[in-house]
Structures are given as structure tokens and as C-alpha cells.
Amino acid sequence: MVDLDGGQGLLGQVEGRTAETIMSWLAAQPAAWRDQIRVVAIDMSTSYANAVRAALPHAVLAVDHFHVIQAASKVINLVRRRAIHARYGRRGRAGDPEYGMRRTLLRNREDVPEKRVNAMWEVFLAAGGAGEQVLACWVAKEQLRAVFRATCASGVRDRLATFFAWCADHSHIPELAGLAQTVSTWRHEIAAAVLLGVSNAASEGTNRIIKLVGRIAFGFRNPVNQRRRARYATTRVSRRPSSRSEPTTRSPKVIT
């Protein structure tokens, strides 16, 4: 659990990834502390969502945009691999035009030169129906990215509607239909992330530091020492002299 609103860094660690462990940690905190939490940003984890809704019913739940787009990118990779296997009867390899476009498919549209985009379309259109499915998934990914660029509730609603309509028109692609179902399940949390402008990037960064601490120590045999070292490494900002004038025990308004 990480403070996304202030500089407290790591708030706590628990063993396990179940709803019960998260609820137990939250229940151990003072009620006044929990009442001040307004937003919780998570990835698309049902366990985490259930724990937050049970322990913090007043808090708004938001889903980080990185994980949503990551789900769309995974769909593109799955369909691309299926298209290559349908055409060549094997996995993709260097020299296959479709394999050469694998990174282009995952890049942001605005970061790819127009010439490269046109070449990508030519390659997958030449691959037949399976290649067209890859392009359909790429369009869906870009429409999903457009949702996170919306600036108002109506913009989020309209762009989600465009995404769902595209997926409905291409419902014969099972991977794309599954992505649409996932986005539909989390649509309210996605809208909250867009409108509130929150993400769990700080949580991901904290997790990276914790892993780095473990690698530097060549692993820990004592969980207590591991948590102590991790907390020391991830709360340096709140312990700096310049921030000592502000209490570090306040309840964060946004956590993950």
C-alpha cells in the first residue's frame, strides 16, 4: 500500500495477494485514518477491488491506464501470433513481414511515422483474414487509448461507446470480444481514473525499489528484515529534513 497523494511512500506490506490480506491490513488502521481516504488506484485485480469496496466503501476506485492498455497490447500479440501460425504453420521468425511489425503494433500511433503505419497495413492486409483481425485489434487499442485522453465525462462515455461499437462489429475475434468484456467490467473505474487523473505509477515504482532491495541483499530469509529494509528504502522522501515540518502520520487521500 502506497501513498499516491503525498510523500509518505510505502504505507505497509502484507503477505499474499488475496482480498482477505488487504482487508486485514486496512481493518488494523484507525477508523479516522480510513475515513480520510478518498481514492484508491489499482490494477485490474478483482481481489483488490473486492477488498477496497468492503473496507473502504466511501472511496472511489480507479484503474490505472497502463494496465488497461497492456491488456489491449496482449490481445494484439495473441492475434498476431495466431495470424502468423495460420499463414506459415509455425511461430514467427526474423524475416517474416508480420513478425517485423510486432513492435510497431504496440507503439503509440502518434509516435509512428505515417510511412511505417502504411507499411504495417499493407503487410497485414496481404496476410488475409487473420491479418485483418490483427489490424482490427490495433484499431481497438488506439480507441482505448483515446478514452484516457478525454477531458470530461461525456468524452469518456462517447469514446468508450466508440470502442464497444468497434468490438461489437468485430465480435468474431474471440480475443477482442474478451477485451471488450474486461473493459466493460471495469468501465466505471476506468472513467474515474480519467476524470480524477490518478494512476498507481508510484506503487509500481515502489515495487521496483522493493525488488531492487531484495536483489542487492541477495534475498532475505527473515520477512521482518525484508519489510524493514523495504520500508526504509521507500520512505526516504518523508524522512528528509525539508519535510519534517509536516507530520508524516497523516492519512493519505489517495492510496494504491
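Q: Two strands pair if DSSP finds at least two bridges between them; in which sense do β1 and strand β2 pair here, and over how many bridges?

A: Bear in mind that this is a predicted model, in which local features need pLDDT of at least 70 and side-chain atom pairs count only at pLDDT 80 or more, while totals for chains, interfaces and linings use all residues. Residues are numbered from 1 along each chain as its sequence is written, and side-chain values use heavy atoms, leaving out hydrogens and water. Helices (H or I, at least four residues) and strands (E, at least two) are DSSP runs, numbered from the N terminus. Here β1 and β2 (residues 60-63) run parallel to each other over four bridges, and I42 faces V63 of β2 across the pairing.

Q: Which residues is H67 in contact with, leaving aside its neighbours within four places in sequence?

A: Contact means heavy atoms within 4.5 Å. H67, which lies in helix α4 (residues 65-88), touches D43, M44, N200 and E204 once those neighbours are set aside; with a relative accessibility of 12%, H67 counts as buried.

Q: How many aromatic pairs are there by the rule?

A: Rings of Phe, Tyr and Trp (its six-membered ring) pair if their centres lie within 6.5 Å, and planes under 30 degrees apart count as stacked, over 60 as edge-to-face and the rest as tilted. The count comes to three aromatic pairs. One of them joins W25 and W33 edge-to-face, at 5.9 Å centre to centre and 80° between the planes. W25 is buried at a relative accessible area of 12%, and W33 is buried at 13%. In another, W121 and W138 have ring centres 6.2 Å apart and planes at 85°, so this pair is edge-to-face. The latter pair links distant parts of the chain, 17 residues apart, with W121 in helix α7 (residues 114-126) and W138 in helix α8. W121 counts as partly exposed at 32% relative accessibility, whereas W138 is buried at 8%.

Conventions:
Two strands pair if DSSP finds at least two bridges between them. Buried means under 20% relative accessible area, exposed over 50%, partly exposed in between (1.4 Å probe, protein chains only).
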